[in-house]
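Colleague: Please put the model up, and let's go through it piece by piece.

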Amino acid sequence: MTNNTEQRQDTRDIQAADAAHHLHPFTNTGALNAKGARVITHADGVYLWDSEGNKILDGMAGLWCVNMGYGRQELVDAAQQQMQTLPYYNTFFQTTHMPAAELAKELASVTPNDLNHIFFAGSGSEAVDTILRLVRQYWVIKGKPYRNIVISRNNAYHGSTLAGTSLGGMGGMHKQGAPLVPGIEHIRQPYWYGEGADMSEEDFGKACAKALEDKILEVGPDNVAAFIGEPIQGAGGVIVPPSNYWAEIQKICNKYDILLAADEVICGFGRTGSWFGSQTLGIKPDIISMAKGMSSGYLPISAVAVGGRIANALIEHDDDFNHGFTYSGHPAAAAVALENIRLMKQENIIDYVANDIGPYFQQQLQEKLADHPLVGRIDGVGLVAGMALVKDKETRELYPEDIDIGTICRDHCFSNGLIMRATGSRMVLSPPLVITRDQVDELCDKARQCLDLTLESARKLGY
Ligand SMILES: *Cc1c(COP(=O)(O)O)cnc(C)c1O
């Protein structure tokens with residue numbers, strides 16, 4: 001057998017095993033099984049390779065997480081050393097270990113304000129669940145257990161556990177697994193380009209924040225525990241809010257004494273050019289969740305950083321907080337996260353994103369893609385961006401539902417060596433933070449070529 005034939009046989013074996021036994025996340029299993037999953041075999045820097053030898057530029061850093069890039073030996077060594085010394089121990093019963101304690105200390109130093117106490121979990125969803133339980137417990141401790149409503153937003157993504165699904169604002173998720181967690185309310189999202197009609201961005205930002213006040217008054221200020229939001233919505237299509245939005249939200253939270261939670265699972269760890277998105281967007285949250293870039297995705301780990309107000313209440317309250325996970329503060333994952341932070345500092349990655357590659361990336365996207373007939377508008381900050389695909393640039397008219405323009409574009413990208421994700425009719429990009437200028441150029445050239453192919457496909461389909 002030639003090498004190629006062997007490769008094809010291996011691919012088919014893997015696809016067959018996968019189709020027979022693997023249920024994929026957020027996937028139409030029947031449709032995937034008929035087609036066969038693409039098999040990714042290895043990766044280095046910002047590139048992936050599949051089982052057929054194709055080299056692919058990963059414009060999504062995995063799933064918004066491989067911030068320091070693939071193939072970082074330092075992260076591998078940190079995991080290996082920790083696994084040899086102490087592969088596992090829990091942090092439940094009055095014990096701790098070096099990686100968890102050191103990582104908590106390190107996180108307290110990179111998080112803004114007084115977010116100085118850390119609760120560990122294994123995934124972003126678990127961190128979000130932890131936020132929900134913590135903010136409700138805070139008000140129980142304060143003698144106001146009736147303050148248990150959490151307000152979130154339509155088209156928010158807060159993970160896929162039942163609490164994450166309920167807090168999130170994804171219609172397709174809400175339809176499955178109901179009834180959802182009670183005591184959660186949603187308001188409109190600050191998506192100016194898509195929903196701002198003929199308002200100025202500033203007026204729209206105000207109107208979207210006003211929706212929070214309206215909701216608070218509707219359910220009764222004394223029943224609300226917290227508001228939760230991603231500084232920039234990620235999975236919702238990279239929605240960058242109008243620049244006055246968060247300041248208005250903050251004012252309203254203060255006015256009604258409502259806790260403010262920022263879900264930093266994507267925005268954290270340098271994505272927007274600061275350690276956390278809250279810093280870039282000028283938010284002062286009482287509590288934040290983090291995951292994804294925390295370990296550059298090398299091992300699963302997440303955390304909630306808790307500010308003084310909630311932390312002091314918990315500490316002064318002479319009782320257990322009855323919550324935790326077997327893998328809270330997992331030593332190997334914590335060691336990798338620690339090493340990841342050390343690497344980020346050593347390579348001045350925050351400064352690189354804020355002052356060099358981030359501005360270059362945004363400028364190149366505007367210069368090379370914004371004039372494309374399919375592109376309505378490109379929004380972004382640092383190394384995250386979203387692109388609205390439209391049928392008509394002038395009127396912002398979208399393609400009708402029966403043509404899935406985003407998926408068509410994504411598939412062209414995949415076939416042409418670029419990972420660019422579709423969420424509805426928005427294309428999103430979130431490359432590794434270590435991407436170089438040459439690689440940004442390559443990304444933009446490929447994206448342009450794939451937008452052309454997408455337009456061609458749409459025309460062939462009669463649109
Ligand atoms: C990905 C994500 C989550 C969920 O994280 P998982 O690790 O997939 O559970 C939660 N919130 C935001 C903002 C996310 O992007």
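Colleague: What is I184 in contact with, leaving aside its neighbours within four places in sequence?

Modeller: I184 is in contact with R136, V150, S166 and L167, where contact means heavy atoms within 4.5 Å. This is a predicted model, in which local features need pLDDT of at least 70, side-chain atom pairs count only at pLDDT 80 or more, and totals for chains, interfaces and linings use all residues. Residues are numbered from 1 along each chain as its sequence is written, and side-chain values use heavy atoms, with hydrogens and water left out.

Colleague: Where is the place of I184, and is the residue buried or exposed?

Modeller: I184 is in strand β6. Helices (H or I, at least four residues) and strands (E, at least two) are DSSP runs numbered from the N terminus. I184 is buried, at a relative accessible area of 14%. Buried means under 20% relative accessible area, exposed over 50%, and partly exposed in between, with a 1.4 Å probe and protein chains only.

Colleague: And how far is I184 from G237?

Modeller: They are 53 residues apart in sequence, and their C-alpha atoms are 22 Å apart in space.

Colleague: Over to S152. Where does it lie, and what does its side chain reach?

Modeller: S152 lies in strand β5, and its side chain reaches the backbone oxygen of L167 at 2.7 Å. That is a polar contact, a pair of N or O atoms within 3.5 Å; within protein, one must be able to donate a hydrogen and the other to accept it, and residues adjacent in sequence count only if both atoms are side-chain atoms. S152 counts as buried because its relative accessibility is 0%. Beyond four places in sequence, S152 touches H158, L167, E185, H186, I187, F227 and I228.

Colleague: Which residues are around the ligand?

Modeller: S123, G124, S125, Y157, H158, G159, E230, D263, V265, I266 and K292; each has a heavy atom within 4 Å of the ligand. By class, the shell has three nonpolar, five polar and three charged residues. Ala, Val, Leu, Ile, Met, Phe, Trp, Tyr, Cys and Pro count as nonpolar, Asp, Glu, Lys and Arg as charged, and the others, Gly among them, as polar.

Colleague: What lies 2.8 Å from an oxygen atom of the ligand, and what is 2.5 Å from one?

Modeller: A backbone N or O atom of G124 is at 2.8 Å, and an N or O atom in the side chain of S125 is at 2.5 Å. For a nitrogen atom of the ligand, a backbone N or O atom of Y157 lies at 3.5 Å. The protein covers 83% of the 380 Å² of accessible area that the ligand has on its own. Accessible areas come from the Shrake-Rupley method with a 1.4 Å probe; for residues, only the protein chains shown count as cover.

Colleague: What about the backbone of K292?

Modeller: K292 has a positive phi of about 25° although it is not a glycine. It lies in the loop between β9 (287-290) and β10 (302-306) and is partly exposed, at 24% relative accessible area.

Colleague: And F26: what is its phi, and is it buried or exposed?

Modeller: F26, not a glycine either, has a positive phi of about 45°. It is in the loop between α1 (3-21) and α2 (29-35), and it is exposed, with a relative accessible area of 61%.

Colleague: Which residues does a cis peptide bond join?

Modeller: A178 and P179, with omega about 5°. P179 is in the loop between α8 (171-174) and β6.

Colleague: Now helices. What should α10 span?

Modeller: Helix α10 (residues 201-219) has 19 residues and should span 27 Å at 1.5 Å a residue; its end C-alpha atoms are 28 Å apart, which agrees. The expected span is 1.5 Å times one less than the number of residues. The buried residues of α10 pack against β5 (149-153), β6 (184-187), α9 (192-195), β7 (224-229) and α11 (245-255). G220 follows α10, and its phi is positive, near 95°.

Colleague: How many residues of α14 are buried?

Modeller: Twelve of its 16, so α14 is largely enclosed by the rest of the structure. Those buried residues pack against α4 (73-85), α5 (98-110) and α15. N348 follows α14, with a positive phi near 45°.

Colleague: Last one: where is Q362, and what does it touch?

Modeller: Q362 is in helix α15 (residues 349-369) and counts as buried at 13% relative accessibility. Not counting residues up to four places away in sequence, Q362 touches D379, G380, V381, G382, V384 and A385.
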